[in-house]
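Look at the sequence and the model below before reading on. The text then walks through a few parts of the fold, one after another.

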Amino acid sequence: MSHIAGVEKVLAPYRHAQGDITRLARACLPDANGALLERVHASARVGHRHTALPLDAYAGLDGFGGRNEAFVAAAVRMGSDAVSGGLRAAGVAPDEVDLLVFVSTTGLAAPSIDARLVERLGLRTDVKRLPVFGLGCAAGAAGIGRLHDYLCGWPEHVAVLLSVELCSLTLRRTDPSPANVVGTALFGDGAAALVARGDERRPAPGDGPAVVASRSRLYPGTERAMGWDIADDGFGIVLDPGIPDIVRTHLAADVDQFLADHKLTRDDIGTWVCHPGGPKVLQTMAETLGLPEGALDLTWRSLAEIGNISSASVLHVLRDTMDRRPPSGTWGLLTALGPGFASELVLLRW
């Protein structure tokens, strides 16, 4: 097993009520269906969101270059805060980190964001780095799985997962599609860092759950369900309204098989750590998996307080779950969905 030693949550500096972002979306998307936009924003169950820039700066964002420059600058600042906080929470010195994995699907950089953080954070120059692009909302869960894989091979090591997602910088004024309207209603900006130890590292009293196993599943024929179309003016969101049907068709069987491989059933799971993908997806997950009342309360709360911050969201929910200290010896399941279309499952032991 590997062990989660600390998780740090970071939010972008500007916080806004949903109504203020609705007005921005109306101004930036004059060709969108206004009634649809108002209805989608009102039903998103999002109360507030954070953005990397002040709201009045978004009307002037043009082209991919300017957006990406803003992404790099904010990602370095927020990523530095997240990793520093995660290391402090874990009681780990920067020069003890052996692997740094960086995930994001809202901006690009070469040198990658992780490379720009090594000297800034005081990491060793021989730290292994792995920047990952394209897993979308699933990358937080997938990143935990890949850290676990690494630490099973290097049980004496420490690994860090960093997620930075600045979804607001993907707003395109030339796209009045319903998918873009939904995007303006749900997504916000944030970051998170998770620090994990291998089995041979001495645990600390404040350590979180152990990671027992992970499972990835790609669903054939669903490539256009979620993702980006890369355009001259930035990322064009792909978001199929049939995503809840994909979840309804596949997720329960995947969860049951994963748990059965460890001689468990859904009834054995005491804690569900789920990515807040949006109201319809969460409702479908709860129904399909037959979750008990209140099982997704922290996920719903995260959606209301900060919206969907893509891959960082499930790490925020995990941190909130750790704060509640589930009973020792109980099981947890962490889940997220993303482009592919794909699911990621992580089995936890508290």
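The model is predicted.

Two packed helices are described by the angle between their axes and the distance between the axes. Start with helix H2, residues 34–43, and helix H6, residues 178–186. Their axes come within 9 Å and cross at roughly 40°. That angle makes H2 oblique to H6, because angles under 35 degrees would count as roughly parallel and those from 65 to 115 as roughly perpendicular. The crossing of H2 with H6 is right-handed.

Which residues of H2 and H6 meet? From H2 come Leu36, Leu37, Val40 and His41, and from H6 come Pro178, Val181, Val182, Thr184 and Ala185. Sorted by type, the residues of this contact are seven nonpolar, two polar and no charged. An α-helix has 3.6 residues a turn, so residues three or four places apart point the same way. That spacing can be looked for in the residue numbers on each side of the contact.

Next is helix H8, residues 279–289. Its buried residues are Pro279, Val281, Leu282, Thr284, Met285, Thr288 and Leu289.

Most residues other than glycine have a negative phi, and most peptide bonds are trans. Lys263 has a positive phi, near 60°, and is not a glycine. Lys263 sits in the loop between H7 and E11. Is Lys263 buried or exposed? Lys263 counts as exposed because its relative accessibility is 77%, and the cut-off for exposed is over 50%. Arg325 is also a residue other than glycine with a positive phi, here near 50°. Its place is the loop between helix H10 (313–324) and E12. At 62% relative accessibility, Arg325 counts as exposed.

The bond from Ala110 to Pro111 is cis, with omega near 5°, and Pro111 is found in the loop between strand E4 (99–104) and helix H4 (113–121). The bond from Gly340 to Phe341 is cis as well, with omega near -15°. Phe341 lies in the loop between E12 and strand E13 (342–349).

Conventions
Residues are numbered from 1 along each chain as its sequence is written. This is a predicted model: local features need pLDDT of at least 70, side-chain atom pairs count only at pLDDT 80 or more; totals for chains, interfaces and linings use all residues. Side-chain values use heavy atoms; hydrogens and water are left out. Axes are lines fitted to C-alpha atoms, for helices over the stretch in contact, and angles run from 0 to 180 degrees between N-to-C directions. Helices (H or I, at least four residues) and strands (E, at least two) are DSSP runs, numbered from the N terminus. Angles under 35 degrees count as roughly parallel, over 145 as roughly antiparallel, 65 to 115 as roughly perpendicular and the rest as oblique. A crossing is left-handed if the near helix is turned anticlockwise from the far one by less than a right angle, and right-handed if clockwise. Contact means heavy atoms within 4.5 Å. Ala, Val, Leu, Ile, Met, Phe, Trp, Tyr, Cys and Pro count as nonpolar, Asp, Glu, Lys and Arg as charged, and the others, Gly among them, as polar. Buried means under 20% relative accessible area, exposed over 50%, partly exposed in between (1.4 Å probe, protein chains only).
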